[in-house]
Amino acid sequence: MDLVFDTSALPVDDRAAAWRESTSRALVPTELTLRDAARFQARIHTTTLGPARLSAISYGPLLSLRTPRLIRRSDPEHYQVAVILGGRQGVEQAGNSAVLNPGDLVFYDTSRSFTAWAEQDDGGPAAQSLLLQFPRRLMPLAESRLARLTAVPLCGSEGIGRVVRGFLQDLAAERSRCGPRDTARLGATAIDLAAALLAHHLGDERSEAPSRSPCEALFERITAFVDQHLHDPDLTPSAIADAHRISLRYLHRVFQQHGTSVAAHLRERRMARCRRDLTDPTLRHLPVHAVGARWGYPTPAGFSRTFRTTTGLPPGRYRDLAHERPDDGPGDAAT
């Protein structure tokens, strides 16, 4: 797993701000309160597993809030399954509240407000967890039913919970020995196991969605692939078809069956990321053209033209309006 954040390399006075920024990028944006900023230590390792991401996190005492304002501003639309490895932690969401100890699992949703906290006794272990994140659209269970399981402690010491916990721990330990194709398959397996865990706790076979058709499964793999490679200006329909070993004609047919086109889907997802970054106050130092370049628009003119056509505003004006009205933004929230 790749190390993406470590407070040990930072001056004490910079750790709190750096942790907030790093978690917003590597995990999900939240409002953070550190209970002992002077002694706060944290570390994040993360790895991409096809459509999923697995992160190993350790951190000191804190309070974390995922607010409606932050959701409107930036929502990756992910489900998250955490395995608690150390410390005493808690989470509240959708009217549920869980106090979590090592060995527990917990499920929550980035599209809903939540509160999370971690405590550390003097001399005790720091809070540690593994966090599996994946797009909500890949979960083959009804969203309306899943809400009852958010912020509910799920047993990880026996049965399906133990299987999921062991799989994620082994995956974190052995990731470096797996190739790109292996990790993509393992990511899909991790999502399937998460669905099995949640279906078990729902206790109702009717809650499971019908089996996906091969075309539906292919569409989900392709759209997850697109989201992972939006930064690449060479991400074209031909490149997408080649990556999935299908013809360009068949690729277009798959998207047509879902009421869109490859080009329209690419533009929509890239524009969503650009809108999100333009309204992010932590990225205000980036020039507008650099935001476009981050998401596959290498030329300023091309980015500005596409953005204006899509939103009705040039990107610089869109950013200005977003920061004038930080609670609402100039238009619909990016997802």
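Me: Which residue in strand 4 is the bridge partner of Ala 42?
Reply: Tyr 59 is the bridge partner of Ala 42 in strand 4. A strand is a DSSP run of E with at least two residues, a helix is a run of H or I with at least four, and both are numbered from the N terminus. Keep in mind that this is a predicted model, where local features need pLDDT of at least 70, side-chain atom pairs count only at pLDDT 80 or more, and totals for chains, interfaces and linings use all residues. Residues are numbered from 1 along each chain as its sequence is written, and side-chain values use heavy atoms, with hydrogens and water left out.

Me: How many bridges do strand 3 and strand 4 pair over, and in which sense?
Reply: Strand 3 (residues 42-49) pairs with strand 4 over eight bridges, in the antiparallel sense. Two strands count as paired if DSSP finds at least two bridges between them.

Me: What about the hairpin of strand 3 and strand 4, how many residues are between the strands?
Reply: That hairpin has two residues between its strands, and Gly 50 there takes a positive phi near 60 degrees.

Me: And how many bridges join strand 4 to strand 11?
Reply: Seven bridges join strand 4 to strand 11, and these two run antiparallel. For one example, Ile 57 has Ser 129 in strand 11 as its bridge partner.

Me: New topic! Where is Leu 251 found?
Reply: Look at helix 8, residues 248-256, which contains Leu 251.

Me: Is Leu 251 buried or exposed?
Reply: Leu 251 is buried, as its relative accessible area is 0%. Buried means under 20% relative accessible area, exposed means over 50%, and partly exposed is in between (1.4 Å probe, protein chains only).

Me: Nice. Which residues does Leu 251 touch?
Reply: Leaving out residues up to four places away in sequence, Leu 251 touches Ile 222, Pro 237, Ile 240, Ala 241, Ile 246 and Val 262. A contact here means heavy atoms within 4.5 Å. Ile 240 sits 11 residues from Leu 251 along the chain, with 8.2 Å between their C-alpha atoms.

Me: Where is confidence lowest and highest?
Reply: Among the elements, helix 1 (residues 15-26) has the lowest mean, 81, and strand 9 (residues 105-109) the highest, 95. Over residues 205-210, though, the pLDDT is below 50, and over residues 331-335 the pLDDT is also below 50. Where pLDDT is low, the predicted coordinates should not be read in detail.

How values were computed: pLDDT is the predictor's confidence in each residue, from 0 to 100.
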